[in-house]
Amino acid sequence: QVQLVESGGGLVQAGGSLRLSCAASGHTSLYAMGWFRQAPGKGRELAAAINRDGSRIYYSPSVKGRFTTSRDNTKNTVDLQMGSLKPEDTGDYYCAVETVPGGGYDYWGQGTQVTVSS
């Protein structure tokens, strides 16, 4: 079992920045770690993902150049630094982890809300 706890969400004006953090506990073998988001009334989107050693990072086209993800395997944490925020970045942000290589994301956090005002 893995427990994931996100923090750092909140209200920010357009153009501002926020940093989300996710701490994992209960399992030491974490492979891919990702940040998903879901805007009101829309489906869930993978915003960013990072592999185990940080050598491969994915960003969705909608966040590329504005968001940066990083992880600390000694602390089992993954962060999402969000900059140049836009109202369309508003939504619930979830971190997720993969505990089996290539097995997909099998544990999810409870989510943290991000609201970007115009």
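Student: Quick one on Ala32: buried or exposed, by relative accessibility?
Tutor: Buried, at 16% relative accessibility. Buried means under 20% relative accessible area, exposed over 50% and partly exposed in between, with a 1.4 Å probe and protein chains only. Bear in mind that this is a predicted model: local features need pLDDT of at least 70, side-chain atom pairs count only at pLDDT 80 or more, and totals for chains, interfaces and linings use all residues. Residues are numbered from 1 along each chain as its sequence is written, and side-chain values use heavy atoms, with hydrogens and water left out.

Student: Where is Ala32 found?
Tutor: In the loop between E3 and strand E4 (33-38). Helices (H or I, at least four residues) and strands (E, at least two) are DSSP runs, numbered from the N terminus.

Student: And what is Ala32 in contact with, beyond four places in sequence?
Tutor: Ile50, Asn51, Arg71, Ala96, Val97, Glu98 and Tyr105. Contact means heavy atoms within 4.5 Å.

Student: Asn51, then. What does its side chain reach?
Tutor: The backbone nitrogen of Ser55, at 2.9 Å. Asn51 sits in the loop between strand E5 (44-50) and strand E6 (57-59), and is buried with a relative accessible area of 13%.

Student: Switching topic: how many disulfides does a search of the whole structure find?
Tutor: There is 1. Cys22 is joined to Cys95, S to S 1.9 Å; the criterion is a pair of cysteine sulfur atoms within 2.5 Å. Cys22 lies in strand E3 (residues 18-25) and Cys95 in strand E9 (residues 91-97), so the pair ties together parts 73 residues apart in sequence.

Student: Cys95: buried or exposed?
Tutor: Buried, at 0% relative accessibility. Cys22 is buried too, at 1%.

How values were computed
Polar contact = N/O pair within 3.5 Å; in protein donor to acceptor, adjacent residues only side chain to side chain.
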